[in-house]
Amino acid sequence: MLRIEYAYWLIAAFLLYTGLRNLRERHVWHAAFWLVLGALFGAGDLVLRQQAAGHPLPAQLAGVGVIVLALLAPRLRRHPHVEDNSTAERLRSAIALGHRLLVPALLIPLVTLLVALFGAYLAIGGHHLFATAQMTLTGLALACVIALFAAARVARAPLHAGLGEGRRLLDAIGWAALLPLLLAALGEVFTRSGVGAAIAALATTWLPTGSALACLITFALGMVLFTIIMGNAFAAFPVMMAGIGLPLLIRQHGADPAILGAMGMLCGYCGTLLTPMAADYNLVPAALLELRSPYGVIRAQVWSALWILAATFVMMWLLVFRFHH
Amino acid sequence: MNYWPLLGIAVIVIGFVLRFNPVLVVVTAAIASGLLAGLTAADLLALLGESFVSSRMLMLFVLTLPAIGLLEHAGLREHAQRWMARLKGLTLARLLIGYLLLRQLLATLGLTGVAGHAQTVRPLLAPMGEAAAAKILPSLDDADRDDLRAVAAATDNIGRFFGEDVFIALGAVLLIQGFYSQHGIELSPLSIALWALPTAIAAFVIQSARIWLYQRRLQRRAAVASIESAT
């Protein structure tokens, strides 16, 4: 059975390869960074199993690893990705290969789509081919492997050439690849430290609770601001709901819960478009597309986010008190 | 109420404003917040380690890099650009709005992993967009190219965000339903997802309009450039 853990082991192998290549080229800091990260990926399941069984030592070591990564990150200079062949060479190859080049690239979304749609029905000898947990992502990992084989065939290049190219892209992305995981960890620490409860307590002390509009504005802006701080609307939602949405808007002012929940969450999504803390959507793509400014994607999104927020807020204000329950 | 952990947020804001390395800033904020909340060093380390490895799925995109790197080495981006240049009817706005619609519809069906920055934007959408922009304004410079790639990435994000919240079987809708049922309010997922539709439509209209305005800005610059070269 194909499980998501296999994908993590593949990533670990790729990270260790990247680290070893850097070591051989005497880029010591890069090598150390990718090797530590590769070890964390490879040992991840062990860490989670031991933690669940009440043995915190592996998780504590992983925590030390995270701190080591943070200390190494400033040492990695983001060097732009240099192609080793010239534009003319690539153009010649593009003309010779034509649309065949698109096939492996399109295989990635296509295989992922097929696994997402039909993966649950695939079985060999009564055993399901895919584990149900994270099936789409397992499909994505499988699609990447299939696409690599297809790409090697189309380009008439050996497989390890693909690893070499992938490694150069990864070096170009650098520490930005790591940020989403760290921000998720930060979110956990914030939750455990009671940061959300403290913010909700501060907000409600100043709020004129008799005004439904004032409560709704505070709720919507709170969702946006808290999402900007946490990088994730899912973290903001329970805090704002428990602090303002449920006691004031629903219980006191009779707001419709379905509308308040759905549209309040969407206000948070607008915040996600505005914050470097949502690194996987905003900073990683900037690195992946080799933009010169890490904030280029956010800048391109600001006005869309503000207009969508305004539209959502107006609709919420018009609808949420109409449907008394 | 212990307000000291809020200093973690101050660390984030100051760190980002002073442009320290974001990785270092985030880890420092986590340590500050955790220690100020009274966690022991041992608990904090375990919490950091456990939550870091629990979100490993966020680095899955690196698995696309070998295939994409190999294809780019063999001229994928050059091919996407040449192909785009030949397609006469496909303007920049139509390309990006078409992608937005497709991305949003797929996300509505819960298929968010199918497209993405690594899977589709870098290898296909960005180079095709560059070629479409070059049809309007042949003298694109590096800053223009950065802008265009950023617009392509923004379009992917907006399509994904404001499509996935309409999907009933995962993520946002289930979180909302779960929160309410913990507090004694029972709602069906469908009744929540339904109220995400107005924003989904608004997001599509707003981003499409902004793409169209972006194209018109390029067209105006092209017109000015052609007048200048004529005189």
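User: What angle and what distance separate the axes of helix H5 of chain A and helix H7 of chain B?

Analyst: Two packed helices are described by the angle between their axes and the distance between the axes. Here helix H5 (residues 102-118) of chain A packs against helix H7 (residues 117-136) of chain B at an angle of about 155°, with the axes 10 Å apart. Axes are lines fitted to C-alpha atoms, for helices over the stretch in contact, and angles run from 0 to 180 degrees between N-to-C directions; helices are DSSP runs (H or I, at least four residues) and strands likewise (E, at least two), numbered from the N terminus. This is a predicted model, in which local features need pLDDT of at least 70 and side-chain atom pairs count only at 80 or more, while totals for chains, interfaces and linings use all residues. Residues are numbered from 1 along each chain as written, with chains lettered from A and ligands numbered from 1 in the order written.

User: Which residues of H5(A) and H7(B) make the contact?

Analyst: Residues are in contact if their C-beta atoms, placed from the backbone, lie within 7 Å. A:Ala105, A:Ile108 and A:Pro109 of H5(A) meet B:Gln119, B:Thr120, B:Pro123 and B:Leu124 of H7(B).

User: How many residues does each chain bring to the contact as a whole?

Analyst: Chain A gives 120 residues and chain B gives 95, and helix H8 (residues 179-193) of chain A supplies the largest share of chain A's side, 13 residues.

User: How many helices and strands does chain B have?

Analyst: Chain B has 11 helices and 0 strands, and its C-alpha atoms fill a box of roughly 70 × 45 × 35 Å along the principal axes.

Key:
Two residues are in contact if their C-beta atoms, placed from the backbone, lie within 7 Å.
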